[in-house]
Structures are given as structure tokens and as C-alpha cells.
Amino acid sequence: MPAVTGSVHSWDLSTGVDGPGTRFVVFTSGCPLRCLYCHNPDTWRMRDGRPTTVDELVARAERYRRFIRIAGGGVTVSGGEPLQQPLFTGELLRRCHDSGLHTALDTSGHLGDRASDAMLADVDLVLLDVKSWNPETYRKVTGNELAPTLRFARRLAELGKPTWIRFVLVPGLTDAEDDVDGLAAFVATLPNVEHVDVLPYHRMAEAKYAGLGLPYPLPGVEPPDAALLERVHAQFRAHGVRSR
């Protein structure tokens with residue numbers, strides 16, 4: 001049987017931000033969105049990744065198995081957008097899950113229809129990025145439509161799939177009170193969501209854009225201050241949603 005090969009940007013070990021514990025994180029190449037605050041513009045195009053087999057990645061993860069297990073971690077498939085390569089991503093998740101490693105899928109949900117029920121059965125946790133509750137803001141942020149992400153979120157709830165919602169807070173872009181309130185109200189209807197990660201916007205990717213010869217999309221935008229972060233957390237709390 002031929003090896004299943006995908007386009008991979010890189011892999012890394014991380015703690016706390018890509019799922020529980022210490023994670024072996026695979027960053028796939030290719031993404032249909034062009035988020036204004038994207039911190040990985042070097043993952044947008046599949047052709048810029050390195051052809052990598054599932055066997056290679058599983059072998060690498062195995063090197064860290066003992067450390068990962070002791071640290072309560074696992075394997076996370078991220079990107080880019082891993083569902084742009086559903087066969088590759090599905091096989092990687094299956095192999096890791098079958099070997100007893102905790103698996104997480106980090107996705108925008110925009111291509112959620114490509115995730116089969118069989119694939120999701122091999123996923124222990126979904127990290128779902130919801131860029132905005134407002135369709136107009138979502139389109140401004142990503143260049144695409146919101147509906148597929150909400151459809152995927154509802155499907156995950158129907159399946160009872162443990163999910164963390166990720167929401168990037170960008171002053172002047174995603175921080176409108178009505179939009180945050182709408183997202184909080186929506187998340188409150190999803191019993192499978194364990195919490196919302198409110199991720200403060202940062203400008204650490206500016207050097208990447210410069211290196212790629214791309215204009216930085218949000219010049220002059222500063223990270224949210226403590227007062228804005230507290231207001232947003234309070235909005236989630238008001239709807240009975242845990243945020244952190």
C-alpha cells in the first residue's frame with residue numbers, strides 16, 4: 001500500500017496552547033482563509049510545504065511518546081488548515097489515535113464538511129477557531145463566509161465531540177460588544193464546548209510578512225488592554241460560558 005503523503009510546513013512541541021499537556025504539533029500547509037491577523041502566512045499555500053508521509057510523522061511522534069504521556073499531552077494537527085488535506089489528516093489522526101495518543105484537530109471549521117464521521121471518531125478534541133459571530137466581520141477578517149463554521153460547530157455538538165472554541169480578540173475588529181455577545185450566546189447552546197480561549201491579538205508575525213514581501217494587514221493595531229479582555233470574559237460569563 002503506498003504511503004499517505006501530505007504537504008507539511010513544520011512540526012514542533014508545545015505546551016498549553018494546542019490542547020492539553022505537551023503536544024507534538026503538525027502544521028500542515030494550505031489554507032482557504034486569509035485572516036487579517038494570521039500569524040502563519042507562510043502556511044497559506046500547499047506548494048510551499050514539504051512532502052511528508054504519515055509514517056514519517058508517526059515515527060517522530062513516537063520518539064516523544066513517553067514524555068508526551070507523562071505530561072498528559074498528545075498529538076495536534078494544525079496548520080494552515082488541516083482539512084484542506086482530509087485524506088492525509090485523517091490517516092495521521094487514525095494512526096496516532098490507534099496507538100493510544102490523545103489527538104486534537106485545530107481547524108477554522110470552514111472545511112468542516114470534509115471531516116467524515118470516521119475521521120472525527122479518531123479525534124479526541126477539536127480546537128475550533130471562530131473568528132467572529134457577525135457574518136460581515138467574519139468576511140472582513142477571513143475573506144470567506146461564516147456559515148460553514150457554525151454548521152460544523154453544531155455537528156460537533158450533535159456528535160458530543162469535546163471542543164474548545166478559540167476566539168482572537170482584535171481591538172477595533174472583533175471586539176464589538178454585540179458580536180461578542182452573539183458568539184457567547186451561540187456557544188452557550190453547545191453542550192460539548194468545554195471552554196472558550198480568548199486569544200489576545202499580537203503583532204509577532206510582522207517579521208514574517210516582511211520576509212515574505214507582504215504588507216502587514218493590521219498596521220498600527222495594538223493588542224487588547226486588560227480592561228477590554230475583562231469585558232469580553234465578563235460577556236462569556238454572563239451566558240454561563242467558561243473562558244480563559
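Colleague: Which ring does the charged end of Arg 244 sit over?

Modeller: The ring of Trp 164, with 4.6 Å to its centre. "Over" needs NZ of Lys or CZ of Arg within 6 Å of the ring centre and within 35 degrees of the ring normal. This is a predicted model: local features need pLDDT of at least 70, side-chain atom pairs count only at pLDDT 80 or more, and totals for chains, interfaces and linings use all residues. Residues are numbered from 1 along each chain as its sequence is written, and side-chain values use heavy atoms, with hydrogens and water left out.

Colleague: How many aromatic pairs are there?

Modeller: Six. Rings of Phe, Tyr and Trp (its six-membered ring) pair if their centres lie within 6.5 Å; planes under 30 degrees apart are stacked, over 60 edge-to-face, the rest tilted. One of the pairs is Trp 44 with Tyr 209, edge-to-face, at 6.3 Å centre to centre and 75 degrees between the planes.

Colleague: Where do those two sit in the chain?

Modeller: Trp 44 is in the loop between β2 (22-28) and β3 (50-53). Tyr 209 is in helix α8 (residues 206-212), 165 residues apart from Trp 44. Helices (H or I, at least four residues) and strands (E, at least two) are DSSP runs, numbered from the N terminus.

Colleague: New topic. Which peptide bond is cis?

Modeller: Gly 79 to Gly 80, with omega near 15 degrees. Gly 80 lies in the loop between β4 (74-78) and α3 (86-98). Most peptide bonds are trans.
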